[in-house]
Amino acid sequence: MEKDRKLIIAGNWKMNKTVAEARDLAKGLRMELANIKDIDVVVCPAFTAIGEVSKEIIESDIRLGAQNMSEQGGGAYTGEISALMLKEFIVRYVILGHSERRQFQNESDELINKKVIAAHGASMKPILCVGETLEQREAGEMENVISTQVKGCLAGLSNSQMEETIIAYEPVWAIGTGKTATSEQAQEVHAFIRAQVVDLFDEATARRVRIQYGGSVKPGNARELMGQPDVDGALVGGASLEVRSFSDIVKNCLN
Ligand code: PEP
C-alpha cells in the first residue's frame, strides 16, 4: 500500500468511557501499537479523560486528539474549552465539524472555519469532517454539499496550514449504521475533495493533504478502503472503543 502521504488512523471515542475505562483502553492500545511508525495513530477521548490518556500514551507513538474545541481563545464562554487548555495535555489534533455536532449543536461552516483557524493558531492539526446525508446523496446534491462544506470550512487558510489540515470524508449515512461506502464510492468523493483543494489552494498543496474516510470502518474493510489512491486514513467511531478492533484496523493497514 505505497503512498506518498502517511496514513493517519484516528479513533473518535465520542461520549464513551469513564476515566478508568479510557485509561485501560489507552494502555491496551499502547501495548499493541506503541511502536507503529508507518501510520499516524491518534486517539480522541472525551475531555474528562484527556489528562489520564495523555499520561498513558505520552511516551508512545500514539498521538492525542480532542473531539471539539472553542473558536475563542478564552474568557466568558461557559462550558467551552480552548486550544490553549488542550495544549496543556499535548493534544495535537482536534476533530472539528463532526456531523453529530453539525446536527445536534447546529454548528455552521462559518463557525467551524473559525475553529479550524483557531486550531492552526495554536499549532494543532484540525481533522475537518465533511459529508452528505442519505437524502442529499439521493437528491444528487452530494458534490454541492461537500464543496460548500470544504470551501466554507477552509476559507482563509494559508497553503502551509492547509497541508497540516486533515479532511475526514464521513458520509452521514455510513456513521454508526454498519453501512460502509464501497471503496469505489469513497475514492470518488475523496478525489472530488482533493480537486476542491486544488481549486482553493494549488496542486502541490492538494497532493500533500491527507483525506480520511469515516463511516463504519472495521478491521475487515479498512485495508481495502486504504488501498484507494485518495484515501489516506480512517476516522473510526464504534470500532475504536475496543483495543482489539482498533489495533486490528491499524495493523491491517500496514504494508
Ligand atoms: C464517526 O462518527 O466519526 C464514525 C466514523 O463512526 P463509526 O465508525 O461508528 O461509523
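1. Starting inside: the lining of the largest cavity is made up of six nonpolar, two polar and two charged residues. For the classes, Ala, Val, Leu, Ile, Met, Phe, Trp, Tyr, Cys and Pro count as nonpolar, Asp, Glu, Lys and Arg as charged, and the others, Gly among them, as polar. Keep in mind that this is a predicted model, where local features need pLDDT of at least 70 and side-chain atom pairs count only at pLDDT 80 or more, while totals for chains, interfaces and linings use all residues. Numbering runs from 1 along each chain as its sequence is written, and side-chain values use heavy atoms, with hydrogens and water left out.

2. That cavity has a volume of about 70 Å³, and its lining includes S54, I57, R63, F89 and R92. Helix 2 (50–57) and strand 3 (63–66) each give at least two residues to this lining; helices (H or I, at least four residues) and strands (E, at least two) are DSSP runs, numbered from the N terminus. On a 1 Å grid over the protein atoms alone, a cavity is a set of points where a 1.4 Å probe fits but cannot get out, a pocket is an open set with protein on both sides within 12 Å along at least five of seven lines, and lining residues have an atom within 4 Å of a point. Grid points are joined across faces, edges and corners, and a volume is the space filled by probe spheres set on the points.

3. Searching the whole structure turns up two cavities of 30 Å³ or more.

4. Now the ligand: 15 residues surround it, the closest being K14, H98, E170, G176 and S216 (near means a heavy atom within 4 Å). By class, this shell has four nonpolar, eight polar and three charged residues.

5. Which side chain has an N or O atom 2.8 Å from an oxygen atom of the ligand? That is H98. The protein buries 96% of the 290 Å² that the ligand exposes when taken alone (Shrake-Rupley areas, 1.4 Å probe).

6. Finally, the largest pocket has a volume of about 400 Å³. Of its 15 lining residues, K14, M15, Q67, N68 and R101 lie nearest the centre, and helix 4 gives the largest share, three residues.

Terms used: A polar contact is a pair of N or O atoms within 3.5 Å; within protein, one must be able to donate a hydrogen and the other to accept it, and residues adjacent in sequence count only if both atoms are side-chain atoms.
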